[in-house]
Amino acid sequence: MTEVLLETRNLTIKFGGITAADNVSLTINAGKNLAIIGPNGAGKTTFLNICTGWLKPSKGQVLFEGQDITPLPPRKIVDRGVARAFQIPQLFTEHTALENLLIAASARQKRRNPLVDMHAIPERTEMLNLLDMVGCADVADALVVELPEGQRKLIDIAVALALKPRLLLMDEPTSGVASSEKHAIMEILIGALKEANVTSVFVEHDMGIVEKYADEVAVWNSGNVQLRGTPAEILEHPDVIRDVIGEVV
Amino acid sequence: MPTRTQSSKPSNKVNARMTSPLSWLWIVGMAVIIAVPFLVPSMQLLVNFALAKGLAVLGVTVLLRAGQVSFGHALYFGIAAYAGAFLMTSMPATDFFVILIVGVLGAIVAGLFVGLFVVRYRGIFFGMLNLAFSMIFWSILEKFYHLTGGADGLRFTRPTVFGQALDHVQFNMVLYYSVLVLMVALGWFTHRWFASPVGQLFQTIKTNETRLEYLGISPKRALLSGYLLSAALCGVGGVMMGMAQGVVTPEYVWWVRSAEMVFIAVLGGAGSVQGAFLGALIYEVVRTYASVYAGDIWQMILGGFLLIIILFAPGGLIGILESAFKRDTTKPSAKTGDRK
Amino acid sequence: MNFSIFLLALFDGVAYAALVFIVALGLTLIFGVMRILNVAHGSLYAIGAYTTVSLVGYFLALGFAPAFAFPLMIVSAILVGIVIGAPLEYFLLRRIYQKSEVLQLLVTFAVFMILEDVQRLVWGTQPYFNSSALQVLGNVTVFGVTYTAYQLILLPLIAVVLLLGMRFFLRHTIIGKLITATTEDREAAQSIGIDADRVFLFTFVIGAVLAGLGGALASPTTSILPGMGADMIVLSFAVVATAGLGQIEGAALTALMIGLGRSFAVYLYPEISVLVPYLIMVLVLLVRPEGLFGSPAARKI
């Protein structure tokens, strides 16, 4: 009874001579955390870029909850419930961590009243809690530009969560985070996603994380999904050990 | 871009500002401005011009908050002034408030048309395309002289106020206190708008449009909202200036006027509401007295000052004032979005 | 519109396009390499024109032949590049390469304001006119239409030579290749020992010389008066933006388009003739926001 949340059909895109997506057909099942692994340059980020409308495929379709979203710009796709966290955090650098979340909450609610102070919006407590959840409560009032990369990544994820998406796409959520904290962060994150009933897709290089937190794994190579299965199946697959894990270790 | 001082740690003590020495300075300043017509009547018109200009500068300031600069915002200053003048020449003795409203509406409509086009661009293109549009309007004003009076512009008589024909002195009083009320009201509104969700979304244009798009917001629309506000503010300034002078000329739209607005905005403190008016007052007073000695090199002086501010005092006058007052107070300055 | 009027409009357009292109070439070269839009470029054009008229007036009064005007044009252009362009880059622009685009724009705008008054101080507000160079070359008659050889032959010729020369220079000479390399990746260029500071200085001086040359060449054909710099910066920006910033060949084509559009409007709808360049620009940008030949910059995320 798995329900398909997002589906791609034959996605193809080329940059110059390189085929970054080569006929990618993939389903993302609701309620499952899908890890995307694969060597650098395999087209993992490109896939996220196409799914969110940042890049337009030359061929193929993206369906979200059965509806074709291929021609939509990212903002329209976001409105439908797809949020995104980035490999390089995309934050408002001259705003504080809390303000970044408040802006996200304001955007979600499409608040237009010009006389309401953003700091006084009803979502403020919720946003503080969200910051607390990703372990950044103590830097709520610090300007984002002054924070270390690891914290900016977590705030970037929190901003995406502030949109209350049904699907969250994360590009290497734990890169830049100190390795001692990776598991703790993922523990909280995956727990929160489960609780909020958010389906997630995350690109990940750390196989320990994949093994522990993914429900399913898709292996990317040369612009396409090479293999798909449970973490146990995939991580023991000889091709994966050779092509992917070998590279990381 | 020089804007908000980064050192000011944001906090939520909105009231911190109310008791800070700097806010006393604003209160005293307001009291002086209110008293000018009685204390120094000779300065009344000068201050009136300065505050009208300050309203337009506030329009440019709004855009600076999004990291954008327009070299053509005199366009809206001029369009509003001409809209008012057209109304006066076709229907003499129109009411003051009708002219104000029509003028501002003219600026907003023009802002919508030009805005829909220029919000596709940032930085260089944004600045220069605005300049191009103002030059287009300027040549229209100059060439279609049978409609616009060409380089001589349009002269018009005093509007009525609530149906009353006022004499020169009375009308100037009405103008003076109207521009003062507009300054307070629009200054307050703009300040609130900056701190509001829609104003904050507008200001994120400066730092990350990718994230803005991924929050489900169209960066173009976010920019357009501020663009319309800026056009309206320039329009209010323009129509008030037109009524104070009783004549509008193509010079209202000329690039030098736009440059002046940008200059004052940067001088006052890019992004600061009070800075716009403080800058305009100082600018106007200095210009009036200095032009006797330095009329020929006025732009050169402005350009030189602009360079000095950008390179050495990017916070402008407000930045200098704030750092001067900060020494006296241990309280943090108001939160980032709260800087008037 | 009869045939001879058509030819007149055509010749006007070509002559005008040639001048605008020369100025726009400098602007787009500086932008392409340094990523700075020099708003003061228009002032350099005006100063080139003023310098030429002054020098020509001076030397002709000393009894030199009118043909001496030509070398004086080149001298004026080089003077603009060295006396104004070089210090501008060395003392000012060099400090702001790391700053935001808007800040750079404000700085060059401030320079523009300063230079506008410098012109007024040095040359006053009275118009200058000296058409010696125009008269030296005489007229040519084409299909019954008489036109000055200076505008019909010399200006387009110089524009074409500059276009081809610039292409050759950037692609086939060592200095040109250094400039191209620095444009593409400044850090990489520096790491292989290219002195990026010198490349920038050199590029800026060349760009300034082109602005000055445009002014020098324009001087015999028009009255030189305050405000011409402001007009030219907006016009050459229109050319450069329509083509796509940094597009040299594209700038040649759009200069021609805008020049012809304007000159035909002069004969058909004189009131709107000054608007034509901007209308063309706005129409092109509505359809292609990055200009005719520019390519949209995709941001990597």
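Within chain A, 11 residues of domain 1 are in contact with nine residues of domain 2, where contact means that the C-beta atoms of two residues, placed from the backbone, lie within 7 Å. Helix H6 (179–195) and strand S7 (167–171) of chain A each supply at least two residues of the side of domain 1 that touches domain 2. Helices (H or I, at least four residues) and strands (E, at least two) are DSSP runs, numbered from the N terminus. H6(A) provides the largest share of this side, four residues. By residue type, this side of domain 1 of chain A holds 10 nonpolar residues, one polar and no charged. Here Ala, Val, Leu, Ile, Met, Phe, Trp, Tyr, Cys and Pro count as nonpolar, Asp, Glu, Lys and Arg as charged, and the others, Gly among them, as polar.

The model is predicted, with local features needing pLDDT of at least 70 and side-chain atom pairs counting only at pLDDT 80 or more, while totals for chains, interfaces and linings use all residues. Residues are numbered from 1 along each chain as its sequence is written, and chains are lettered from A and ligands numbered from 1 in the order in which they are written.

Domain 1 of chain A covers 1–81 + 166–249 and domain 2 covers 90–164, with bounds from an automatic or database domain assignment. Taken over C-alpha atoms, the centres of these two domains of chain A are 25 Å apart.

Turning to chains B and C, 34 residues of chain B are in contact with 34 residues of chain C. On the side of chain B that touches chain C, helices H6 (123–143), H12 (255–269) and H14 (298–312) of chain B each give two or more residues. H6(B) gives the most, with 11 residues. This side of chain B divides into 22 nonpolar, nine polar and three charged residues.
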